Amino acid sequence: MENLSVVCFFMNLEGNGKRRRKDPWEYHIEKSFLRGKDELPLWKVYLPAYSYKKKPWKRQDWNNYMQGMQEVPAESGGVCYLLDKEVQHFLGREQEPLSYEWLIYLIEHMQVAFDALVIFQDRELEAQRIVERYASTAKYLGVVTSNEGEWKDMEEYLAEEYGFMLEIADNLKGLHIPEKSKLLTIAGEKLYGTTPLSIPKESVWISTQVENEESKRLCARGKEIRFISIKSIFQ
């Protein structure tokens, strides 16, 4: 995977964008690399809580400050922005889930071997794109969704192209996952009433949510479930 980066934003609650009103903006940015075979760029950005001399930010000043941060890559499918809680509150935005590009990277980087794939459809998850990517290698494909009609074209495509059916259900228990298969489950925020006992033993669960405590607890209470998220690459 090419051109992937992580940018972590933190709040400096005592920080100022500059010392005096006519001074240039000052930035606290650190760049390093996530060690491993990929050595992905890792940026740490510390955002000042004040404009200067403890004065609150004005919208135009803040825009000018952010526009001057040119060395930090812009948010995109390959550039993952991780915002701590204080930054989310300060910016008035929520943490975005993982992009398709980062999901594929996690599967490859964490060396997830699977022959059965289950996807929990979510509004931010490119479920059909994922199914299409792994349709030629997976022996089983299942989708948990409340919108079965959206998958009619994909069902027909898989039947014609690969000669097998895509199984669809509105909960995990409704799927007939082959026994002894190496299962990978990909889920976002919506868990469709899944319980720990309904997750097949010794399977892998990847969450596209950065703040994924519910999924993490769910897997921890299951039977030997390997839980993976974006935070796994820092461990």
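Okay, let's start with K58, which sits in the loop between β3 (40-50) and α1 (59-67); helices (H or I, at least four residues) and strands (E, at least two) are DSSP runs, numbered from the N terminus. This is a predicted model, where local features need pLDDT of at least 70 and side-chain atom pairs count only at pLDDT 80 or more, while totals for chains, interfaces and linings use all residues. Residues are numbered from 1 along each chain as its sequence is written, and side-chain values use heavy atoms, leaving out hydrogens and water.

So, is K58 buried or exposed? K58 counts as exposed because its relative accessibility is 60%. The cut-offs: buried is under 20% relative accessible area, exposed is over 50%, and partly exposed is in between (1.4 Å probe, protein chains only).

Now the aromatics. Rings of Phe, Tyr and Trp (its six-membered ring) pair if their centres lie within 6.5 Å; planes under 30 degrees apart are stacked, over 60 edge-to-face, and the rest tilted. How many aromatic pairs does that rule give? The count is 14. Take F114 and Y134: their ring centres are 5.2 Å apart and the planes sit at 70°, so that pair is edge-to-face. It links distant parts of the chain, with F114 in the loop between α3 and β5 (116-120) and Y134 in helix α4 (residues 127-134), 20 residues apart. Both F114 and Y134 are buried.

F120 and Y192 also make an edge-to-face pair, at 5.9 Å centre to centre and 85° between the planes. Both F120 and Y192 are buried. Last one: W25, Y27, W57, W62, Y65 and F90 form one aromatic cluster.
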